[in-house]
Amino acid sequence: MQNPEVRKMTEEEKIKQELEEKFSYLKDTVVVKRSRRIFANLSPEKFDEVFAYVVKQMRFNALCTITGMDSGDTFTIMYHLNRESRIVLTIETSVSKNNPAIKTITPIFPNADIYEREIMDLLGIQVEGLPAGRRYPLPDNWPKNEHPLRKDWKASASGKETQNA
Amino acid sequence: MHDPRDVQVPIGPQHPALKEPESFLISLHGEKITDATIKLGYNHRGIEKGCEERSYIRDLYLVERICGICSHSHSTCFVQAVEEIAGLEIPPRAKYIRTLISELERIHSHLLWLGVAGHEVGFDTLLMYTWRDREVVMDVLALISGNRVNYSMNTIGGVRRDITPKQKEEVLKATGILEERTKYYIWLAQNESTLLERLSKVGTLSRDDAERLGAVGPTARASGIAHDVRKDDPYAAYAELDFKVITANQCDVYGRTLVRLGELMESYSMVRQIMQKLPDGPISIKAPRKIPAGQAVSRYEAPRGEDFHYVRSNGTDKPDRVKVRAPTLANIQAVAKMLEGGYLADLPIVIAAIDPCFSCTDRLISLRQTDAQSKNTATWESLRLKGIEWYKSKGIDFSSLNKKLAESL
Amino acid sequence: MLKAIFYILVFPGFLFLFMFGFIAEYVDRKLCARFQNRIGPPWFQPVADFIKLISKEKIIPQEADATIFILMPLLALAASIAPILYIPIWSEHAAFSFDGDIIVVLYLLTVTKLAYFLGGWYSRSVYSMIGAVRSLTQLFAYEVPLFLCILAPAMLADTWSLSGMVSFYNHHLGYWFCNILGFAVALVSLLGKLEKVPFDIPEAETEIVAGAFTEYSGGLLAMLRMSLNIEMVTGVSLLVAVFLPFGLKLHSPAVIVLIYLAEVFLIIAVITLLRSLFARLRLDQMINFCWKYLAPLALAQVVVNLILKGVLPR
Amino acid sequence: MSKPGKMAQQLIKSLFKKPATINYPAQKSEMAEGFRGKLKFKAHLCIGCKLCMRDCPTDAIVIRKVGEKKFEAEIDIAKCISCAQCVDSCPANALDITPEFELARLDRMKLKVLFSADTDDDTKEKT
């Protein structure tokens, strides 16, 4: 209040500050890209701790979606959270390509179920703790070990019969 | 839990209640639904993968075809993300034109929804009337953009077509007609008792459940959650427009109807404001073919709710990852909750009430035929031949007639 | 003997009803389209649909009981044609009549519903079975008010034959006004019987595809659709005979038939208007409505008629 | 007060109104000016840069060199999605979009339209 610098701080910067104060290892990994867009990078070990704090203490209580991608050596998983539908915080973490697995967040966000199944199907990352259910979005007879969103997967590769439709 | 006397009814993937392939397995106890399992994924077309393999310009048209109804939503959402990464600030006139198309699209989508809702409860006259009125806005969209559905108005760095004064007049005229009609539909929805009977207290979703299950758009707003990306996270020209976020507290299908009808009225007022404020100037700026490395999250209030795109670029002319989360995927998870304890007769309207768009939801498909399937798979050609043979066995031969027809066309 | 065969096969039986069925379907569809601000089908559409259907392959589901599956459309068609023989059309006397034929007509109209039920039930598909059960459940709701409404005028006329009733009302024209309430209730119940919106629950397209008819195809479906059309004509004719028995005293049968046709088309137009005016009710709402409003009103009509019978001069 | 049959007035009125639908193949519907339908290729303007081929989302257009500064275009209407990106991409304005929308044919081969290098708008249909 007394410091004019602090008063000028936007909500996004306050979030950045709170995160960096609370978790020292987050220094320099939280980026405010523009108003209402914050990106944070996390190592997988620290994920649970920060994620729980952000959701429970910082009111980022809605999940937009989960994005998974193949970034060459590792898989990148991004959790897009928002606060009152306004500020989107993207928490990025990575998973190694050897036996990739993440923990489910369905106990916190029940609607994460379908996004996690999507990551399971399309990237082949195991989601631990996800209850058994029907797969999404690939068909039931889709072969195992075929994960379309991996960069080395090509629709027409390895002699698969493709339908011209 | 599972009662052996319950009947299992498959709704879909092919069923008259669903306009797109999706499957619901319903357990029925008499007419009551005891359990509903949802299976998605029939419409997966590989669009996210496809985007990674195409240039940004080509992606624009691919993304537009994620969904037929909210084509402008997806393309704007995508192009906003790309522009944010490239650091392009589009001209104000382009922003206004984008907003105009997006509001016209909302009008067309909500009118379409009202008709579908009427059809689902067996009120076909309402379907015919709303779809007749929808033609007015479709014509205006065709006039402005050159197409009725896939408007292709967006390009990276602006829009592709300008609005002439004559088009402006047409838009205002159409808005006037539609406003009158919408007032009538609001009156009808509030007074026609057979409609009220079928919509009230059906498919209830409490505010808590809506929040917990991540419902978005009119579905969430009808449960009293006043979230609207246009207000909360303004894009395009929305920050400069004056509009209300319509909510309802009924938490049922009736509430969702009122919210959509109320939004229609807001859209008409917004279209008028856009026409009044439309700034002069260029409609696009030149965009580079190669987009610098970066990432962006883009949100957009599609007619069905929040559309979410995440784009990551790697400095080439192709994106590294495009993630699309369509509003239906967020809402569909609430449907099982809404169906619980309801009647079979309410199933179509409950599903329709979230205004589902399954082709938005799924974006990738199996591109091949597996051998295990081929035994039961009938191809188009084999079915055609079977038909010809069957009619021949009845002594009817159409082949010469077909040949004649083929030549004439 | 020859006359009886003519009655059954040509007029007012098989051939006449077939043509009338097509025309009634056309009028219904065209009017509905015009109500909805559409152009609607051309005049030959019902005939074209019929020819198309009979030229298509008949598919009998593996699980279905083939005999019943094939027989039921025939039974439905027969049961929907038969009542016309007892309904007076061209004079005060129907083709056949006996004391109690009014009950036969009502039950023949119920037999068509039973045929739909059995056909649907033995299709062994979930949609058909749900549709069939709904059809029967609904039957119990509209049947009581419909029967009461049609029996009430009979009580006043003190006869159980349709021809007798018609001639009674022709000789006591003023008595017609007593039955207006019954007419309205019977018209609404008839909507339930004909499974038209808002009572088209048994064949609710968006819920159970086509209800009991889901598995039917080709010629069998054509027969079912025809029996639906003819059921509409006979059902409406019954209403005309009971509630609008005008002009039957005239001497020219042609004029009487013309009046009859005009009345039938008028009621069909009203049915079409009603069916484009409402949303489909749910089964529980429909049953509630029938027992809460229609049945008491029908009962009131019966009571009123019983009292009037004692009071009014004969 | 909610009552059934609130639309009755409109329905009866509709009886006497002109229908909103048209009898399509007999009565043609008009598309707005600037409607994006079939593509048109103006051979004399083409400079053979093939930018249209690069930007076409569906690979529906093929430009071939047939002589000195002479190019022909083959457009596969079955593939074309009428987005008109090629019209935007063309630096020489050699492509144009027409409002013609009745493009269905019973024969797939008839959907391949060849715009020859010599004539401007005369389209020769490939068989």
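In chain C, residues 24 or more positions apart account for 80% of the contacts with a separation of 6 or more. Two residues count as in contact if their C-beta atoms, placed from the backbone, lie within 7 Å. The model is predicted: local features need pLDDT of at least 70, side-chain atom pairs count only at pLDDT 80 or more, and totals for chains, interfaces and linings use all residues. Residues are numbered from 1 along each chain as its sequence is written, while chains are lettered from A and ligands numbered from 1 in the order in which they are written.

Chain C has twelve helices and zero strands. Helices (H or I, at least four residues) and strands (E, at least two) are DSSP runs, numbered from the N terminus. The radius of gyration of chain C is 19 Å, close to the 20 Å that the globule rule gives for 314 residues, so chain C is as compact as a globular protein of that length. This radius is taken over C-alpha atoms, and the globule rule is 2.2 Å times the number of residues to the power 0.38. Along the principal axes, the C-alpha atoms of chain C fill a box of roughly 60 × 45 × 40 Å. Of its 314 residues, 51% count as buried. A residue is buried if 20 or more other C-beta atoms lie within 10 Å of its own, exposed if 12 or fewer, and partly exposed in between; C-beta atoms are placed from the backbone.

Within chain C, helix 3 (residues 45–54) packs with helix 10 (residues 218–243) at an angle of about 145 degrees, and their axes are 7 Å apart. Axes are lines fitted to C-alpha atoms, for helices over the stretch in contact, and angles run from 0 to 180 degrees between N-to-C directions. From helix 3 of chain C, C:F50, C:L53 and C:I54 take part. Their partners in helix 10 of chain C are C:G218, C:G219, C:L221, C:A222 and C:M226. The residues of this contact divide into six nonpolar, two polar and no charged. Here Ala, Val, Leu, Ile, Met, Phe, Trp, Tyr, Cys and Pro count as nonpolar, Asp, Glu, Lys and Arg as charged, and the others, Gly among them, as polar.

The largest nonpolar core holds 275 residues, of which A:L81, B:V137 and B:V350 touch the most other members. Helix 10 of chain C gives the most to this core, with 17 residues. Such a core is a set of buried Ala, Val, Leu, Ile, Met, Phe, Trp, Tyr and Cys residues joined through C-beta atoms within 7 Å. Neighbours within four places in sequence aside, B:V350 is in contact with B:V202, B:G203, B:V253, B:V335, B:M338, B:L339 and B:G342.

Chain B contains an open sheet of three strands in the order 6-7-8, with antiparallel pairing. Two strands pair if DSSP finds at least two bridges between them. Strand 6 (294–302) and strand 8 (319–325) of chain B are the edge strands, each pairing on one side only. Neighbouring strands of this sheet are turned by 15 degrees against each other on average, direction ignored. Nine bridges join strand 6 of chain B to strand 7 (residues 305–313) of chain B. B:E301 stands opposite B:E306 in strand 7 of chain B. Helix 12 (residues 327–339) of chain B packs on the sheet and touches strand 6, strand 7 and strand 8 of chain B. Helix 3 (residues 71–86) of chain B also lies across strand 6, strand 7 and strand 8 of chain B.

Chain A has an open sheet of five strands in the order 1-2-5-4-3, with mixed pairing. Its edge strands are strand 1 and strand 3 (62–70) of chain A. Strand 1 (residues 30–34) and strand 2 (residues 37–41) of chain A are antiparallel and share four bridges. They form a hairpin with two residues between them, and A:R36 in the turn has a positive phi of about 70 degrees. Strand 2 of chain A runs parallel to strand 5 (residues 87–96) of chain A, joined by five bridges. A:F39 stands opposite A:T90 in strand 5 of chain A.

Chain D has three helices and six strands. A compact globule of 127 residues would have a radius of gyration near 14 Å, but chain D has 22 Å. Its C-alpha trace spans about 80 × 30 × 25 Å along the principal axes. In chain D, 24% of the 127 residues count as buried.

Of the four pairs of chains in contact, chains A and B share the most contacts. Chains A and D do not touch; their nearest C-alpha atoms are 11 Å apart.
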